[in-house]
Amino acid sequence: MKKQIQLWLWLIVAVVVVLVFSYVSRAHEGIEVPGDAKTTFDDKCASCHGKDGRGKTFKGKLSHARDLTSGEWQNDVSDERLFNSISNGRNKMPAFKKKLSETQIDELVAYVRRFKR
């Protein structure tokens, strides 16, 4: 009985070690781990839309970036349309479906909703 318990403990430890190394190796390969929409927004979107979502950056003015804080726009656009615009791009906005996971795009949609005035 004692040997069976030791075997199970070693098996659990081995599985945990494999999972930890798998996670660490993915992070080192540059694969983004979802969970921080603000960081993703700041990295991918803020250069045009601004960290405040108003689109008042130099690059945003050149590309006519959407003011994400507009209550009227926020009321008119669906989450599905936001998801599709982020995924596939829209007008001068680039597509992010190959750079971000669906989870990250969902998180960005929720984050953009927080900009509503």
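Trainee: How far is the sulfur of Cys45 from the closest cysteine sulfur?

Mentor: A disulfide is a pair of cysteine sulfur atoms within 2.5 Å. In this structure the sulfur of Cys45 lies 8.8 Å from the closest cysteine sulfur, that of Cys48, which is too far for a bond, and the structure holds 0 disulfides. This is a predicted model, in which local features need pLDDT of at least 70 and side-chain atom pairs count only at pLDDT 80 or more, while totals for chains, interfaces and linings use all residues. Residues are numbered from 1 along each chain as its sequence is written, and side-chain values use heavy atoms, with hydrogens and water left out.

Trainee: Is Cys45 buried or exposed?

Mentor: Buried means under 20% relative accessible area, exposed over 50%, and partly exposed in between, with a 1.4 Å probe and protein chains only. Cys45 is buried, its relative accessible area being 14%.

Trainee: At what angle do the axes of H2 and H7 cross?

Mentor: Helices are DSSP runs of H or I with at least four residues, numbered from the N terminus, and axes are lines fitted to C-alpha atoms over the stretch in contact, with angles from 0 to 180 degrees between N-to-C directions. Here the axes of H2 (residues 37–44) and H7 (residues 102–113) come within 9 Å and cross at roughly 90 degrees.

Trainee: Which residues of H2 meet H7?

Mentor: Contact means heavy atoms within 4.5 Å. From H2, Ala37, Lys38, Thr40 and Phe41 meet Gln104, Glu107, Leu108, Tyr111 and Val112 in H7.

How values were computed. Helices (H or I, at least four residues) and strands (E, at least two) are DSSP runs, numbered from the N terminus.
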